[in-house]
Amino acid sequence: MTSNNWLLRLAGWSFLLTAVLLFSAVTAVTMGAAEVGFFEVWQVIGHHLFGGWMSIPEPDPATGAIVWKIRLPRLVLSVLVGASLAGAGVVFQGLLRNPLADPYILGVSSGAALGAAIALFTEWGSAVLGGWTVPAWAFALGCFALFLVLRLARVGSVLRTETLILSGVVIQTFFGAMLTYVIATISAEELKQIHLWLMGSLALRQWDQTMAVMPFLLTGTALIWMFSRQLNLFALGERSAGHLGVSVRRTRLWLLLMATLMTAAAVAVSGTIGFVGLIIPHIMRMIAGPDHRVLIPVSALAGAILLMWADTLARTVLDPRELPVGVITAFIGAPFFAWLLKRRRSW
Amino acid sequence: MLTAEGITQSYGGTVVLRGIDLEVNPGETVGLIGPNGSGKTTLVRLLSGEETPDAGSVKLKGRELSAWSPRERARRVAVLPQEGLPPVAFTVEEVVTMGRHPHQGPWPWTGREDRKVVDQVLSQTSLERERHQSVDRMSGGERQRVAIAKAMAQQPELLILDEPTTFLDISHQLAILDRIRSWQRKEGLAVLVVLHDLNLAAQYCDRLLMIQNGALVREGTPADVIQSSAIREVYGVEPVIIPHPLTRIPQVLLRPESVDRRSRLSKESVSFSADSRYTFG
C-alpha cells in the first residue's frame, strides 16, 4: 500500500516542535533581570486568557505586568518573525532551486528595512494608507530589491548561485547605505535606530505591533503551504513542473510575492535579522526530508524556536544592556553559511 | 491526437523551423530524426505547448494547444525532457506521485485513486523494491526509469520524449524503449520521440520524420526514410545500409574515412559489421 507517510512525518515533527516551542516559551519568559517563576508565568497567561470564566488570580501586579506587558508580546513577536523568515527562506530556496537563498542574502530584508524606515521617519503616504503605511512601504521596497537582484543575477536565462549571492551582496550594501543615509538625515538624534534596522532587534515591542503583523505572517504561511505540492514539482525543474500542469510563471510570481510580503512584515517590526531563513530550512530538510508539505510547517516552527532563544540571549547576555538579535543569529548563521559553501552539492 | 500545420518559428531573425506539418495518431510511434541544430528540440517545445509558434497551428484533439489550460493539457500530454530527472532528494514513490499532480485537487494531499495508480505503476515498472530509495542515489539510467514511471502515473494519451536514451548505456537504452513500447501497446498511446540514434529510431518507430534546417525533408516508414541518399544529403556522411538480420529493418553502419580510401575493402567491412554485435551503433 502506498503510504501517506508525509502526513505521519508532519504530525510527528509538528507535535515535537510545538512541545519544544511551548516549553521554551515559558522558560524564556522566566529569564531576565526580574525573577519570575515557571508556574507564575502559566498563572499570568491563564489569568489573561481564561480569567473571564475561571477565577485564576494574578500572582502580583508587578510580575503580571513584566510577564504580560513586557516579555510576552516580545516573545510572541519573536515567534512570528522567526516563523515567517524561515517560511520565506523555504520558498526562496525551493523556487530558485538554490540552497543559499534566503530573504537576507537576497537583499529582500534590506529593501524592506529601507521601506519601513522611510515610512516611519517621513510618514509619506500615511494619510492614505493609515496603519498599513509601514508594511506597505516595506513590501514595496522588498519587492523592488528582489526584482533588482533577480535581474542582476540572470545571465541569459540561467540563474547561477554565485551571481545570485553577489547580486544580493550588491543590493544589500546599496540599500543598507541608503537606509543609513535616510535615518541620518531625517533624525540625527536617533542614530541608534540605524543599529536596530541594520542588525535587527525586537526590543521594546508591544502587543499592538505584534498584532499588526500577525495576520500577514499567519495567512502567509498558510498560503505558501497551499502551494507546497507545486514547490515540490519545482524541484524537478521549471520545465518539468510546466509539463505536469503547473502554471509556472503565475505560481512563481505568486510565491515570490507571498515570501516577500512575509519578510516585509517581519522586517517592518524587527529590522533585518539574517540567517534564520537560511539555516532553518536547511537543517529541517536534512532531518525531515525535502517534501515542502512537511518542510514549510516544520521550518516555521523551528524558525520560531531559534529566534525566540536568540532574542532571549540578546536581552539577557549583556544584561542590563541589549544586543541586537541579529548579532546572535549572525554568530550562528555565518559559520553555517561558510560550511554550506564548502560542502555544497548541486541540486 | 496531435496535428501541426505549417509551424514556423524564428529566434532573433534566425528561422529555426519553416512550415512543418505533422500528425501523431493514437497507437503510433513517430520518430523525429535529424542532425544537431536542425530544430528538433524547438519543435518539441512547440508541440508540448511550452512555446507558441510564430505562424501555423498545433492542435491537440482538434483544439488549439494554447487553448488548453496547463492542467488540462498535462492530463493528456506527458513530456520527458532531454535533461531527464535531476538527482532530487525525493524518494522514487514521491517522484512517481508527482505525476499525479494534474489529476489532483487544490489541497496538498494525495487521494485514494492517486495512491492506487502509483502502486500499479510501481509494480508495472518493477520499481516496488526501490520505492523508498532516494532518487539522488540512483544512476542516470535508473532515474530515467523513474521518469518514465512518473509519466505513466500521469496517465496521458500522448507521450513526447526528447532524446530519452542519450546518456544511457545500451542495456538501459533498450530497457527504456521496450518499456515505452509495451506501455503504448497496452494503452493505445500516441508517442512522439526525438532520437539521435538512427538504428534505434528505425527499430522502434512506425513512422519517421527527418528534418534538416528546420524543414521536413523525408517522411514515411523506416524503410522509406533510412536510405543512403537521404542520410548522405541530411547528415553529410556516407553510410552503409543493411537490413537487420532478425527484423529486416534497415540499419545504418558508418564508414570511417580510411575505409573510403581502401574502397576495395569496403565489401568485406560490411559483411564483418553485419555479423558483429555492434549493430546498434
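How far apart do the C-alpha centres of domain 1 of chain B and domain 2 of chain B lie? They are 30 Å apart, as Figure 1 sets out. The model is predicted: local features need pLDDT of at least 70, side-chain atom pairs count only at pLDDT 80 or more, and totals for chains, interfaces and linings use all residues. Residues are numbered from 1 along each chain as its sequence is written, with chains lettered from A and ligands numbered from 1 in the order in which they are written.

**Figure 1. The two domains of chain B.** Chain B is divided into domain 1 (2–236) and domain 2 (237–281), with bounds from an automatic or database domain assignment. Their contact takes 16 residues from domain 1 of chain B and 12 residues from domain 2 of chain B; two residues are in contact if their C-beta atoms, placed from the backbone, lie within 7 Å. On the domain 1 side, α7 (198–204), α8 (222–225) and α9 (228–235) of chain B give two or more residues each. α7(B) gives the most, with five residues. Helices (H or I, at least four residues) and strands (E, at least two) are DSSP runs, numbered from the N terminus. By class, this side of domain 1 has nine nonpolar, five polar and two charged residues. Here Ala, Val, Leu, Ile, Met, Phe, Trp, Tyr, Cys and Pro count as nonpolar, Asp, Glu, Lys and Arg as charged, and the others, Gly among them, as polar.

**Figure 2. The side of chain A that touches chain B.** In this interface, 22 residues of chain A are in contact with 26 residues of chain B. α9 (207–226), α10 (228–234) and α11 (238–243) of chain A each supply at least two residues of the chain A side. That side has eight nonpolar, 10 polar and four charged residues.

**Figure 3. Helix α6 (residues 170–187) of chain B.** B:Gln173, B:Ile176, B:Leu177 and B:Ile180 are buried in α6(B). These residues cover an arc of only 90° around the axis, which puts them on the same side of α6(B); the arc is that of the directions from the helix axis to the C-beta atoms. A residue is buried if 20 or more other C-beta atoms lie within 10 Å of its own, exposed if 12 or fewer, and partly exposed in between. The cover over the buried residues includes α5 (140–153), β8 (190–194) and α7 of chain B. On the face turned away from the buried side are the exposed residues B:Ser171, B:Asp178, B:Ser182, B:Arg185 and B:Lys186. B:Gly188, with a positive phi near 65°, follows α6(B).

**Figure 4. A:Val79 in helix α3 of chain A.** A:Val79 counts as buried because it has 24 C-beta neighbours inside 10 Å. Not counting residues up to four places away in sequence, A:Val79 touches A:Ala304 and A:Met308. A:Val79 and A:Asp311 are 232 residues apart in sequence but 9.7 Å apart in space, C-alpha to C-alpha.

**Figure 5. Two loop residues of chain B with positive phi.** B:Ser126, in the loop between α4 (112–124) and α5 of chain B, has a positive phi of about 50° although it is not a glycine. B:Ser126 counts as exposed because it has 11 C-beta neighbours inside 10 Å. B:Arg248, also not a glycine, has a positive phi of about 65° and lies in the loop between β11 (239–243) and β12 (250–254) of chain B. With 9 other C-beta atoms within 10 Å, B:Arg248 is exposed.

Definitions and conventions:
Expected span 1.5 Å × (residues − 1).
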